[in-house]
Amino acid sequence: MEFNKKQGAGVVVGVGSALMDILGHEDHSFVEKAGGVLGGMVYVDGSHIDGLLPSFATPPQLVPGGSACNTVVGVASLGGAGRFVGKTGSGPLGSQLINELKSKNVHPSIIRSDQPTGRVLSIVTPDAQRSMLTYLGASSSLEPHEVGEDVFEDASVVLVEGYLLFNRDLITAALSNAKKAGARVCLDLAAFTVVEHARDFLEDLVDKYVDILIANEDEAKAYTGLEDEEAALKKLGEKSEIGVLKVGERGSYILNQGEMTRVEPQCGGQVCDTTGAGDLWASGFLYGLVNGYSMEKAGRIGSACGHEVCQVLGAGIPEEGWRRIKALID
């Protein structure tokens with residue numbers, strides 16, 4: 001796949017839920033008392049999250065979140081051009097999210113709403129599992145007419161997070177308008193439960209609009225119905241130009257127009273938290289693609305980003321981590 005430089009010299013646009021991540025460490029009993037599911041995600045009201053915050057032994061951190069948002073921030077941190085499209089509340093939390101994006105060199109294409117800004121409380125337990133309590137708030141009120149062709153101006157790649165599959169009109173509008181704007185379209189399947197929910201129309205959506213399809217093992221199985229990884233990868237690349245299968249600690253596989261590339265995992269260090277691992281893998285991979293690198297090198301950058309984010313709490317890689325990643329690129 002080649003990227004035409006008239007498409008904005010490598011601008012990566014992310015479309016998804018504009019959320020603030022609230023990150024804190026606690027034990028399994030805290031997760032249970034909070035009404036969470038260990039290693040899983042449940043939807044709650046915003047007041048439920050707010051009521052839990054004083055209970056943390058150490059005050060949690062607040063950082064911009066959401067899958068596509070994490071990916072675009074990663075692209076910008078690598079030195080690429082990034083834009084994020086989403087919806088926040090009109091209050092201080094929404095303003096904080098916008099200002100944080102600007103500070104990370106991401107252009108925020110944000111619609112403001114009277115609803116409160118969405119947020120996710122991620123409780124990280126000593127075994128590095130994250131249990132999430134999610135309040136979507138304003139992020140869930142993004143409308144199809146708010147993702148018109150204009151927000152994709154100059155985009156080389158548009159990444160649409162799979163969570164938008166819960167809103168069929170919205171994701172169809174985003175994918176369709178991204179294509180009309182001349183961008184390559186990347187869909188990250190996000191979670192196997194999302195794939196199962198949208199299984200009846202997902203394959204047709206991929207066939208019509210998607211150039212790059214990214215999945216982990218569980219998502220690939222839900223999408224293809226296949227246990228065999230090689231067969232699942234082939235199915236991922238059947239209706240898209242590039243199919244990506246991430247297999248955790250074993251690395252990843254990339255199928256580009258029938259040619260398979262295996263990407264070795266980055267190893268070493270203690271896993272602290274897996275929050276954002278898939279999102280940051282996509283950051284490195286898409287950054288590599290828009291800069292014209294080979295599939296192997298783009299995948300290697302993605303692997304390095306996914307590895308580094310697992311060494312820290314949350315989806316933000318510290319500067320020393322970015323320096324190690326950039327050393328692979330030079």
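Which elements do the buried residues of helix 5 pack against?

1. They pack against strand 1 (11-15), strand 9 (155-161), strand 10 (184-188) and helix 6 (192-209). Contact here means heavy atoms within 4.5 Å. Helices (H or I, at least four residues) and strands (E, at least two) are DSSP runs, numbered from the N terminus.

2. A word on conventions: this is a predicted model, where local features need pLDDT of at least 70 and side-chain atom pairs count only at pLDDT 80 or more, while totals for chains, interfaces and linings use all residues. Residues are numbered from 1 along each chain as its sequence is written, and side-chain values use heavy atoms, with hydrogens and water left out.

3. Helix 5 covers residues 168-180, and its 13 residues reach 18 Å from first C-alpha to last, close to the 18 Å expected at 1.5 Å a residue (that is, 1.5 Å times one less than the number of residues). Its buried residues are Leu-170, Ile-171, Ala-173, Ala-174, Leu-175, Ser-176, Asn-177 and Ala-178. Buried means under 20% relative accessible area, exposed over 50%, and partly exposed in between (1.4 Å probe, protein chains only). After the helix comes Gly-182, with a positive phi near 90 degrees.

4. Leu-170 sits in helix 5 and counts as buried because its relative accessible area is 4%. Leaving aside neighbours within four places in sequence, Leu-170 is in contact with Leu-142, Glu-143, Pro-144, Val-147 and Leu-164. Pro-144 is 26 residues away from Leu-170 along the chain, yet their C-alpha atoms are separated by 4.5 Å.

5. Do have a look at strands 10 and 11, which pair in the parallel sense over three bridges (pairing requires at least two DSSP bridges between the strands). Asp-188 stands opposite Ile-214 in strand 11. Strand 11 (residues 212-216) is mostly covered, with four of its five residues buried.

6. Not counting residues up to four places away in sequence, Ser-283 touches Asn-70, Thr-71, Gly-74, Val-75 and Leu-78.

7. Finally, the surface. Tyr-43 belongs to strand 3 (residues 41-43) and is partly exposed because its relative accessibility is 47%.
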